[in-house]
Amino acid sequence: MAVEEVPNPTIETPTDAIVRITNTNICGSDLHMYEGRTNVEEGKVLGHENMGIVEEVGPGVQQIKVGDRVSVPFNIGCGSCRNCLTGWSSFCTRVNPTEGFDGAVYGYANMGPYRGGQAEYLRIPFADFNLLELSAGDEHGLGVDRGVEAMGYQAHDPSGQEHPELVLDNLAKSVRTTGGIGVVGVYVPEDPGAVDEGAKEGRIGFDYGTFFTKGLSMGTGQAPAKRYNRQLRDLITPGRATPSFIVSHELPLTDAADGYRHFDKREDGWTKVLLRPGQAA
Ligand SMILES: [Zn+2]
Ligand SMILES: [Zn+2]
């Protein structure tokens, strides 16, 4: 292993970028080459774990800009072959000219003719696809990944007027496109006390148009407790999760009626009441 002067990489195709390397690692798998356990060619610039600042982009690069701070995944993908399109750019069928090898890596034996990033500059093929911009502001203010409807059919506005669709409407607005809504609030097929005729028959008119247009999905129904309770126990017992923060009162059983009264009025501070049959009044 030696540090030597080599020519700087240049833009070779319009979709290339040149990154000025700010951080690069020596990986355990570099040692396979260092120890002579591969057929890597002499003089290869190693380094497949790279970060840096974009120094130059080819005329075909549209999203990545000069000055962007980027993470460089060690796989090189074309972004348009069958494997790249299904998320398997580690087996890109276009970037490695070596017979019998799908997938390419910067500075690695058998993984294509690409120099590595243990250097001052690195050429990135298919830069728009391969580079991850680290301050990607335009990928945030798009909405949350998941939203939870925890109110159910008695949701109401601040005046107390019931709108069973209120939370669903707000979630359809605030969850990002292709995101998901989990409904743990209860809805029922018959609600004789409902505010409108539809809701009496379980028909809830929420903003399905926005829900559909954004490609959202929805999970509903009773919690399948046995599916999760072992996993939850193993989080709660060692203190990694503390759902008890929701508990506001611990009452003896004899005070149960009083607990109901306060909780039903949604009085301030009455969030969850535990009843203790063995507790003295
Ligand atoms: Zn590595
Ligand atoms: Zn590909």
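Reader: In this predicted model, is Val19 buried or exposed?

Author: The model is a predicted one. Val19 has 27 other C-beta atoms within 10 Å. A residue counts as buried if 20 or more such atoms lie within that distance, so Val19 is buried.

Reader: Which element holds Val19, and how far in space is Val19 from Leu131?

Author: Val19 is found in strand 1. Among the residues that Val19 touches are Val54, Val70, Leu122 and Ile124, leaving aside residues up to four places away in sequence. Val19 and Leu131 are 112 residues apart in sequence, and their C-alpha to C-alpha distance is 9.7 Å.

Reader: Which residues touch the most other members of the largest nonpolar core, and which strand gives the largest share of this core?

Author: The largest nonpolar core has 26 residues, of which Ala17, Val19 and Ala127 touch the most other members. Strand 1 (17–24), strand 2 (50–57), strand 3 (69–72), strand 5 (104–105) and strand 6 (121–124) each supply at least two residues of this core. The largest share, 3 residues, comes from strand 1.

Reader: How many residues does the second, separate core have?

Author: Among the members of this second core are Val167, Leu168, Ala172 and Ile181. The core is separate, and its number of residues is 7.

Reader: How is the chain divided into domains, and how far apart are their C-alpha centres?

Author: Domain 1 covers 17–138 + 242–276, whereas domain 2 covers 144–219. The C-alpha centres of domain 1 and domain 2 lie apart by 34 Å.

Reader: In the open sheet of order 8-9-10, which strands stand at the edges?

Author: This open sheet is formed by 3 strands, with parallel pairing. Each edge strand has a single partner strand, so one side of each is left without a neighbour in the sheet. From one strand to the next, the twist averages 20 degrees. The strands at the edges are strand 8 (144–149) and strand 10 (217–219).

Reader: How many bridges join strand 8 to strand 9, and what angle does the direction of helix 4 make with that of strand 8?

Author: Strand 8 and strand 9 (residues 175–183) run parallel and are joined by 5 bridges. Val144 stands opposite Val175 in strand 9. Helix 4 (residues 166–174) packs on the sheet and touches both strand 8 and strand 9; the angle between the directions of helix 4 and strand 8 is about 175 degrees.

Reader: What handedness has the β-α-β unit made by strand 11, helix 8 and strand 12?

Author: Strand 11 (residues 249–252) and strand 12 (residues 273–276) run parallel and are joined by 4 bridges. His249 has Val273 as its bridge partner in strand 12. Together with helix 8 (residues 256–264), the two strands make a β-α-β unit that is right-handed.

Reader: Why does helix 8 lie largely in the open?

Author: Helix 8 has 9 residues.

Reader: What phi does Asn110 have?

Author: Asn110 is found in the loop between strand 5 and strand 6. Asn110 has 14 C-beta neighbours inside 10 Å and therefore counts as partly exposed. Asn110 is not a glycine, yet its phi is positive, at about 70 degrees.

Conventions
Residues are numbered from 1 along each chain as its sequence is written. Chains are lettered from A and ligands numbered from 1 in the order in which they are written. This is a predicted model: local features need pLDDT of at least 70, side-chain atom pairs count only at pLDDT 80 or more; totals for chains, interfaces and linings use all residues. Two strands pair if DSSP finds at least two bridges between them. A crossover is right-handed if, with the strands pointing away from the viewer, the path from the first strand over the helix to the second runs clockwise. A residue is buried if 20 or more other C-beta atoms lie within 10 Å of its own, exposed if 12 or fewer, and partly exposed in between; C-beta atoms are placed from the backbone. Domain bounds come from an automatic or database domain assignment. Axes are lines fitted to C-alpha atoms, for helices over the stretch in contact, and angles run from 0 to 180 degrees between N-to-C directions. Two residues are in contact if their C-beta atoms, placed from the backbone, lie within 7 Å. A nonpolar core is a set of buried Ala, Val, Leu, Ile, Met, Phe, Trp, Tyr and Cys residues joined through C-beta atoms within 7 Å.
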